[in-house]
Amino acid sequence: MKLLTKKILSAFKKQGDTTQKSCKNTKIITKFFNPCGAETWYAIEYDPKTKMFYGFVRIFNRCNEFGDFSLKKLKSIKLPCGLKIERDKFFEIGKYTLKEIMDGKRL
C-alpha cells in the first residue's frame with residue numbers, strides 16, 4: 001500500500017503551516033497505524049523536500065505526544081509476518097480535527 005497519494009499530498013499543501021492555527025482548526029490529513037501494535041500516527045503537516053511529517057502520535061492511548069516522524073522511518077519498520085506500517089485507507093482526509101484526536105476520539 002502506498003503511504004502517500006496525490007490526493008493526500010494535495011491536502012497537506014492546502015492545509016499548509018499549522019503553527020499559528022488552533023487545535024480545533026487544524027485538520028488531520030492522514031492516519032498511519034501499526035497493524036500488530038498500538039502505535040498510531042496522525043499527520044497534520046508534511047514537507048515533501050525532507051519527507052518529514054509533523055503530527056500527533058498515540059501509543060497505547062497512554063503515551064501521546066506531538067513530533068516529527070519520517071516517511072523513510074515509517075516505511076522501514078518491519079513487523080511480524082511481513083507486515084508493515086499501514087495508512088488507514090478508510091480515514092477521511094480532513095474530517096477530524098487535532099482537538100478531537102487530542103480529546104481521545106478513537107478513530
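User: Asparagine 34: buried or exposed?
Analyst: Buried, at a relative accessible area of 9%. Buried means under 20% relative accessible area, exposed over 50%, and partly exposed in between, with a 1.4 Å probe and protein chains only.

User: What kind of model is this, and how are residues numbered?
Analyst: This is a predicted model, where local features need pLDDT of at least 70, side-chain atom pairs count only at pLDDT 80 or more, and totals for chains, interfaces and linings use all residues. Residues are numbered from 1 along each chain as its sequence is written, and side-chain values use heavy atoms, with hydrogens and water left out.

User: Back to asparagine 34. Where is it placed?
Analyst: In the loop between strand 1 (30-33) and strand 2. Strands (E, at least two residues) and helices (H or I, at least four) are DSSP runs, numbered from the N terminus.

User: Which side chain makes a polar contact with the side chain of asparagine 34?
Analyst: Glutamate 39, at 2.6 Å. A polar contact is a pair of N or O atoms within 3.5 Å; within protein, one must be able to donate a hydrogen and the other to accept it, and residues adjacent in sequence count only if both atoms are side-chain atoms.

User: How far is the backbone nitrogen of glycine 37 from a polar atom of that asparagine 34 side chain?
Analyst: 3.1 Å.

User: Which residues is asparagine 34 in contact with, leaving aside neighbours within four places in sequence?
Analyst: Glu39, Trp41, Leu79 and Ile85. Contact means heavy atoms within 4.5 Å.

User: New topic. Where is threonine 40, and what does it touch?
Analyst: Threonine 40 is in strand 2 (residues 39-47). Leaving aside neighbours within four places in sequence, its contacts are Lys31, Phe32, Phe33, Phe56, Val57 and Arg58.

User: Why does threonine 40 count as buried?
Analyst: Because its relative accessible area is 13%.

User: Which phi value does lysine 51 have?
Analyst: Near 60 degrees, a positive value in a residue other than glycine. Most residues other than glycine have a negative phi. Lysine 51 is in the loop between strand 2 and strand 3 (52-59), and is partly exposed at 45%.

User: And what about phi of cysteine 81?
Analyst: Positive, about 60 degrees, although cysteine 81 is not a glycine. Cysteine 81 lies in the loop between helix 2 (71-76) and strand 5 (86-87). Its relative accessible area is 81%, so it is exposed.

User: Last one: how far apart are the C-alpha atoms of lysine 27 and isoleucine 44?
Analyst: 6.4 Å, with the two residues 17 apart along the chain. Ile44 is also among the contacts of lysine 27.
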